[in-house]
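Welcome, and please have your viewer ready. We will walk from one selection to the next and look at what sits there.

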Amino acid sequence: MEVTGSSGRHRAVAAGSVGGGKRRSVDVGTGGSIRSLGTDLLCIVFALLDHFDLVRCSVVCKSWNNLIYTSSLMRDLYHKRNPHLKCASIKSDMLETSMKIYLEEIAMEEHKLSFLRGSVKVDQWSGHHARVNVCRMKRGLILTGVGDKVLRLWSAESCNYLDEYVSPEMNQLVDYDFDENKIVGLTSGRICIWRRHGQRGIFQSREGIFTRGLCMRYIDPEAVIGCEDGRVRVFDMYSGRCTRIIRMHSGPVTCLTLTDDQLVLGGSTFGNIAIADLSSGKRMGSVKSCFSPTGLKCFSFNMHSYSVFAGSTSGYAHCWDLRTLRPVWETRVSPNVIYAVHHLSNDASMLAIGGIDGVLRILNQSTGEILSSLVIDATKGVPLSSKNSHEVVQKKVRRLQDTTCLDIIPRYLRPPITCLAVGMNKIVTTHNEKFISAWRFHMNN
């Protein structure tokens, strides 16, 4: 971005300075940094950004956050959208809170519209030496792995390789998750923890404590393991001690999710979900499909609407209200298995779904209606970078019509989606192949 006029020599890439969660210095003129700009010039720069980029800029540093949410520029922008509040007597702290809510709502609306009608491109790169089938995305970082016993960390913005974590004794990884401080991984019979910063230590639970773990979620300091014998085992991650065993199903626990109020939900091969209190281990109830029993493969929980979303082996997507334990909707969105459902943590509108047919679908969280279906176009990919061994190739995306027959789309254009993770204006997918795909959605002007 360039600022013209008397400050035409000043250049600030404000919206892109958040990539990878790290603060970057930006050259101004012939030298110096972005900090050389005064408040007035920063306001001029910020005035050229849209609301979505302003939310991103607000997390770059404390001074930018204060400027964006407290300057007269932002107050004027807020009042243009809320004219009825302009003459009202509002305390500054209340106004700052209102502006934050306003900007978040605008960002979420643009996120929604980009999924529905925006242009889409896919960045693909070979990320592993063997097939990879799990991905997680948080705070501008992507973590991929499971297939080749190595977890690799990538920048969600540039797709650059950042770090890797190897399974101890080359044991097969089954599931994993991560936060800003650590990575928690599950092999078939133990839990491993890697520190992300400082000394690279690995914690391992004692072997032989549980029977073939199939899935895992954690909330500090406890990791919850869904096992083949139908039980959920709760471990203290730092002592390695099993603190509780909860009987969930008579068959394998195939997927798990945890809620902020200490509930654990476990899906089974029989198509029902058992709900238990994580603290006491007491079973609280269950929900099931209104259709014939089918195995559940994946979960996603929305803490804002208290909705539980699931994908099944018969191609159905399900939604239940956890407060009433009743189904909200059930929609057959695919003729084959659904492997992944996910949504942005604070978004109550869009739900992304992927499965064996290789189509990325966007659903309405409230109704289950399919809003958009996407596959990679047949055009040849264009390399974005050759500066590293993980060359990124950009591919176009085709939005399918309701009447489109999937059989006429070649299978190589829609490899099975084994896992997906949703971020702001982006979705990352893995396909049980060596490559990783980052779907980037952009608002059309």
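Start by selecting Lys182, which lies in strand 7 (residues 182-187); strands here are DSSP runs of E, at least two residues, and helices runs of H or I, at least four residues, both numbered from the N terminus. This is a predicted model, in which local features need pLDDT of at least 70 and side-chain atom pairs count only at pLDDT 80 or more, while totals for chains, interfaces and linings use all residues. Residues are numbered from 1 along each chain as its sequence is written, and side-chain values use heavy atoms, with hydrogens and water left out.

Is Lys182 buried or exposed? Lys182 is buried, at a relative accessible area of 7% (buried means under 20%, exposed over 50%, partly exposed in between, with a 1.4 Å probe and protein chains only). Now show side chains: Lys182 makes a polar contact of 2.7 Å with Asp179 and another of 2.7 Å with Asp220. A polar contact is a pair of N or O atoms within 3.5 Å; within protein, one must be able to donate a hydrogen and the other to accept it, and residues adjacent in sequence count only if both atoms are side-chain atoms. Beyond four places in sequence, the contacts of Lys182 include Trp194, Tyr218 and Met237 (contact means heavy atoms within 4.5 Å).

Next, select helix 1 (residues 39-47), where Leu42, Cys43, Val45 and Phe46 are buried. Look down the axis of helix 1: its buried residues fall within an arc of 160 degrees, so they line one face of the helix. The arc is taken from the directions from the helix axis to the C-beta atoms.

Move on to Pro415, in the loop between strand 27 (392-399) and strand 28 (419-423). Pro415 is buried too, with a relative accessible area of 13%. Which residues does Pro415 contact, leaving aside neighbours within four places in sequence? They are Gly358, His431 and Phe435. Draw a C-alpha to C-alpha distance from Pro415 to Thr430: the two are 15 residues apart in sequence and 9.2 Å apart in space.

Stay there, as Pro415 is also one of the residues that line the largest cavity, with Val375, Leu413 and Trp439 among the others. The lining of this cavity divides into six nonpolar, two polar and one charged; Ala, Val, Leu, Ile, Met, Phe, Trp, Tyr, Cys and Pro count as nonpolar, Asp, Glu, Lys and Arg as charged, and the others, Gly among them, as polar.

Methods:
On a 1 Å grid over the protein atoms alone, a cavity is a set of points where a 1.4 Å probe fits but cannot get out, and a pocket is an open set with protein on both sides within 12 Å along at least five of seven lines; lining residues have an atom within 4 Å of a point.
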